[in-house]
Amino acid sequence: MFDGDMATLLNNMAAQATLGLINGAFYAMLSMGLAVIFGMLNVINFTHGAQYMMGAFAAWLMLTELNIPFWAALVLAPIVVGLFGVLIEKLMLKRIYHLDHLYGFLLTFGLALVIQGLFQWQWGSSGAPYPAPIPGGTNLGYMYIPTYRGFVVIAALVICLATWYGIERTRLGAYLRAATENPTLVRAFGINVPRLITLTYGLGVGLAALAGVLAAPIYQVSSLMGANLVLIVFAVVVIGGMGSIMGSIVTGFALGMIEGMTKVLYPPAANTVIFVVMAIVLLVKPAGLFGQTR
Amino acid sequence: MADPLLKVKDLQAWYGESHILHGVDFEIGRGELVTLLGRNGAGKTTTLKSIMGIVGNRTGSVAFNGKETVGRPSDFIARQGIAYCPEERGIFSSLNVEENLLLPPQVQQGGMSLDEIYKLFPNLLERRRSQGTKLSGGEQQMLAIGRILRTGANLLLFDEPTEGLAPVIVQRIGEVIRQLKTRGFTILLVEQNFHFAATVADRHYVMENGRMVDTVTAAEAAASLDKLQAYLGV
Amino acid sequence: MSLQSQRENRLPLALPWAIALAAVALAAPWVIYPVFLMKTLCYALFACSFNLLLGYAGLMSFGHAMFFGMAAYFYGHVVKEWHWPAELGLLTGVLGAAALGLVTGVLAIRRQGIYFAMITLAFAQMVYFLCVQMPFTHGEDGLQGIPRKPLLFIPTENDMVLYYWVLAIFLFGYLAIYRFIHSPFGQVLKAIRDNEQRAVSLGYEADRYKLLAFVLSAALAGLAGSTEAMVLHFATLTDVSADTSGTVVLMALIGGLGTISGPVVGAFVVVAMGDYLAFIGQLVLVLQGAIFVVIVLAFRKGVVGEISDWWRRRQAKRA
């Protein structure tokens, strides 16, 4: 009898851990985007959640208004939202780099309110469904998982690793890493650093939008989807520290799984477990698990 | 001087409210190696930074190859063919040695190839995969020098390349700089170590309080040793 | 420009102006709806507590609603369920908020600047989720029907009477902040804010001072929250929400970060906006966001800061 319960428990935990991987995929993608933007611009992009939401909306609008299918939206939406990000950087962020970093936080917070408010006003706050582009499911033995969600986890891993590779192993990535450390010197070598900064923000925003497109078939498209998520992602970022890309990726996936397993072991704490982990990390390693104190 | 590579006239520069350069005038001919001598705080580094365009506010004229560069951003200036080796070396810790070397883009033809640079600095070849900042002081200085040789820039600005280094490395750097001069690079060298400067330079300029106060050719230098030592506060 | 003003941007308050202001404050409930005024005073105190932390400890808390809201819940619970008198209710709110401030402060102070803001935001979110689930808050319904209890034996059912009590509470809090700032303690805090390393090298334990400022700020926010619950008869999830945390930042921003009187101005503007523009519904958020953006880009000194500057320039011209 006990074995039966144990088996069920393990079964549930495995199932929740797998589902947690899905949440974790989004935590990883979004915290990675935040880390990249913070590294180059020294700005905490509060707007990240709203840009994620815009990506999801872009995909939904493309489908319902323009009959553009998911796979095309996966490419187009990040470009559209990314360009919007470029606009924000050039018109607004560029003007405040010389100020205290908290102003960047306030500015992006304000922008998030504006964007979210407009979407909420136009489309309300209830969610719209988006059809899953890959139908059906797979039986993993301990659970039945919709194929699309499995795809999302793999896609997220690919995206994260591709971003990591792009930053750590390519020439452009080297420019980015160097400019993060010493922008003045990099510019004195002939590299157009302001343009590099704009590009970085655009890419970070595009990444958020890409996550949004991937999220649409899973979480329903609503104007509030970013707001709920961004606060959790902040906690993830504090836990991981913003020192490394790999750190954000690992932390994101890990916390997703921990959250999932908490749902089985102690459901009332599921919502808050990430914050509890944050509190513990702050006690033990304030700079974050992978962070260097800035 | 007819057709100097660099002609600086009445250059003034500020860091915020501090007025550092009060009107600097000098010229460098093609293929020359010229040094800026002077005490700490005389304005030597600020002069280099002003030429490179990375100081706050500057007025006056800095003409490179006949083209005015005051008021242009530093990436524009670099692309004209000027390269800067800063006093603090500026080796990037998030890049390895080879990535550091490959970072500055080629702005013109005529730069040294990666192989040639490795030949000049063999111990960089050995350590090419090491993290940039894990190198010793001398190796980092060589990396900082090697980095700008690939770009094709023909005016090289060196800020105190021998500072804090052991004599045997200082000698090596002197050899390298002489080789660079033979290859046709034009070099502006800021130095506090007059003995080192004397072994490589065609001419010396002396700076004090943000102005040029004297100029001495290599030939005259030996005779003016006392005067120069007085300028340097030695 | 640093986030906190380098000089104290004080409103030029000569005696005749102060008397006029007092007269306005005393006469106001006869002219303007008293509940609106009381709500504004609560938020003004709340915003002042936020600004104390920012202007004097250099710490921007993006989760201040947790102190405000929890105190409101504490007040509501002890007064309604346990039938405690209002005075004890207020005290409970204040002490509860201070305790919460101590616990979160110890952890949050370990980081600075942006990280501090994110940590306070995260903790506040945690408190929010806990409030959603805890039975004593009644979740989505909120804690309704908090009765008006007499204060110092004076019945408070009448909004006009309560107004003067709320005004007194506000003034008490405001003066507490003023005294704190001008105390030796406040001076040390300012030194830490301006140059922490030097203060530490002089032997001051910066973290302890910052923590004390944080707890004090939390306590005052708690006073504001308890008072609000007292006035409005209810405490809801909105009071602990991220929206409210954002609102108080907006108030401080509009008034002028790091100024003492700024938050009061900011509170008036924001509460008035919320009430009188309620008909535009969701667009209020858009408006608030737009104000954030415009202020950060163009009017960083806020209303009080800009007026102070204008006044100073006028004085300089006269001299």
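Let's start with one residue: B:Ile28 is buried, since 23 other C-beta atoms sit within 10 Å of its own, and the cut-off for calling a residue buried is 20 or more. Keep in mind that this is a predicted model. B:Ile28 belongs to strand E2 of chain B. Which residues does B:Ile28 touch, once its neighbours within four places in sequence are left aside? They are B:Pro4, B:Leu5, B:Leu6, B:Val34, B:Thr186 and B:Leu188. For a sense of scale, take B:Gly164: 136 residues separate B:Ile28 and B:Gly164 in sequence, and their C-alpha atoms are 27 Å apart in space.

Now zoom out from that residue to its sheet. In chain B, four strands make an open sheet in the order E2-E1-E4-E5, with antiparallel pairing. Strands E2 (18-28) and E5 (67-68) of chain B are the edges; each has a single partner strand, so one side of each has no neighbour in the sheet. If you want a spot to look at, find B:Ala13, which stands opposite B:Arg58 in E4(B). Then look for helix H1 (residues 44-52) of chain B, lying across E1, E2 and E4 of chain B. This helix runs at about 75° to E2(B).

On to how the chains meet. Two pairs of chains touch, and the pair with the most contacts is chains A and C. Chains B and C, on the other hand, share no contact, and their closest C-alpha atoms lie 14 Å apart.

Take the contact between chains A and C. Here 35 residues come from chain C and 36 residues from chain A. On the chain C side, helices H5 (113-133), H10 (242-255) and H12 (283-298) each supply at least two residues. Which of the elements gives the largest share of that side? It is H5(C), with 14 residues. By type, the residues of the side of chain C that touches chain A split into 25 nonpolar, eight polar and two charged.

The contact between chains A and B involves 18 residues from chain B and 14 residues from chain A. Helix H2 (residues 74-81) of chain B gives the most to the side of chain B that touches chain A, namely four residues. That side of chain B holds 11 nonpolar, four polar and three charged residues.

What about the inside? The largest nonpolar core has 280 residues, and the members touching the most others are A:Ala56, A:Met278, B:Leu157 and C:Ala122. Helix H1 (residues 2-41) of chain A gives the most to this core, with 18 residues. As for A:Ala56, beyond its neighbours within four places in sequence, its contacts are A:Gly212, A:Val213, A:Ala215, A:Ala216, A:Val221 and A:Met225.

One last stop is helix H13 (residues 302-318) of chain C. Its 17 residues reach 24 Å from first C-alpha to last, close to the 24 Å expected at 1.5 Å a residue. Which residues of H13(C) are buried? C:Gly302, C:Val303, C:Val304, C:Gly305 and C:Ser308. Their cover includes H10, helix H11 (262-276) and H12 of chain C. Two of those helices, H10 and H12 of chain C, also supply residues to the side of chain C that touches chain A.

How values were computed:
Residues numbered from 1 in each chain as written. Chains lettered and ligands numbered in written order. Predicted model: local features only at pLDDT ≥ 70, side-chain atom pairs only at ≥ 80, totals over all residues. Contact = placed C-beta atoms within 7 Å. Pairing = 2+ DSSP bridges. Axes fitted to C-alpha atoms, helices over the stretch in contact; angles between N-to-C directions. Nonpolar A, V, L, I, M, F, W, Y, C, P; charged D, E, K, R; others polar. Core = buried A, V, L, I, M, F, W, Y, C linked by C-beta atoms within 7 Å. Buried ≥ 20, exposed ≤ 12 C-beta atoms within 10 Å, placed from the backbone. Expected span 1.5 Å × (residues − 1).
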